[in-house]
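Here are my notes on the model, as numbered points.

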Amino acid sequence: MKQVININFHGTVVPIEQTAYDTLKNYIETIKRFFANELTSQIGTDVLVSGWVHARRDHGGVIFIDLRDHTGLVQLVINPDQEAVFNLAESLRDEFVISATGQVRERGEGLVNPNIDSGSCSLYTSDAADE
């Protein structure tokens with residue numbers, strides 16, 4: 001017999017199987033939302049960020065997005081091999097609100113931006129959604 005638990009989802013009680021709940025809870029705990037100014041301490045970690053598109057640059061196939069939240073900016077790197085994310089990135093404009101997940105990586109030598117808190121790293125985006 002499957003065990004069912006009730007969860008409160010925005011004020012509505014929803015029955016859900018225990019195994020589905022455990023899977024969802026594990027995923028939520030694994031991908032934690034971070035702010036732009038926190039990313040330098042998360043090198044090598046998969047994270048979730050949300051904010052406004054501050055700028056978008058297409059450099060011959062690779063798209064860079066400066067994502068802004070209330071703490072600062074972070075650079076998202078979107079490669080064409082991530083087709084769904086790349087297609088979304090092509091349609092984004094300034095001030096669109098998005099969320100993105102991916103791995104935080106150190107920027108290469110000579111690519112560090114000392115003008116922003118997260119200037120020593122970029123988020124290599126594996127998934128994104130406009131909100």
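**Notes on the predicted model**

1. The largest pocket has a volume of about 220 Å³. Fifteen residues line this pocket, and those closest to its centre are Arg 57, Gln 75, Arg 107, Leu 111 and Ser 122. On a 1 Å grid over the protein atoms alone, a pocket is an open set of points with protein on both sides within 12 Å along at least five of seven lines, a cavity is a set where a 1.4 Å probe fits but cannot get out, and lining residues have an atom within 4 Å of a point. Grid points are joined across faces, edges and corners, and a volume is the space filled by probe spheres set on the points.

2. This is a predicted model: local features need pLDDT of at least 70, side-chain atom pairs count only at pLDDT 80 or more, and totals for chains, interfaces and linings use all residues. Residues are numbered from 1 along each chain as its sequence is written, and side-chain values use heavy atoms, with hydrogens and water left out.

3. Which strands each supply at least two residues of the pocket lining? They are strand 4 (62–69), strand 5 (72–78) and strand 7 (121–130). The largest share, four residues, comes from strand 5. By type, the pocket lining divides into seven nonpolar, four polar and four charged residues. Here Ala, Val, Leu, Ile, Met, Phe, Trp, Tyr, Cys and Pro count as nonpolar, Asp, Glu, Lys and Arg as charged, and the others, Gly among them, as polar.

4. The protein has two helices and seven strands, in the order β-β-α-β-β-β-α-β-β along the sequence. Helices (H or I, at least four residues) and strands (E, at least two) are DSSP runs, numbered from the N terminus. Of the 131 residues, 31% are buried, where buried means under 20% relative accessible area, exposed over 50% and partly exposed in between (1.4 Å probe, protein chains only).

5. Strand 4 is mostly covered, with six of its eight residues buried. Strand 4 runs antiparallel to strand 3 (residues 46–59), joined by seven bridges, and Arg 56 has Ile 65 as its bridge partner in strand 4. Two strands pair if DSSP finds at least two bridges between them. The hairpin of strand 3 and strand 4 has two residues between the strands, and Gly 60 there takes a positive phi near 65°.

6. Strand 4 is also antiparallel to strand 5, again with seven bridges. Gln 75 in strand 5 is the bridge partner of Asp 66.

7. Leaving aside neighbours within four places in sequence, Phe 86 is in contact (heavy atoms within 4.5 Å) with Gly 61, Ile 63, Ile 78, Asn 79 and Pro 80. Phe 86 and Val 62 are 24 residues apart in sequence and 8.5 Å apart, C-alpha to C-alpha.

8. A search of the whole structure finds one cavity of 30 Å³ or more. The largest cavity holds about 40 Å³ of space, and its lining includes Ile 65, Leu 76, Ile 78, Val 85 and Leu 88. Helix 2 gives the most to this lining, three residues. The cavity lining divides into 10 nonpolar, one polar and no charged residues.
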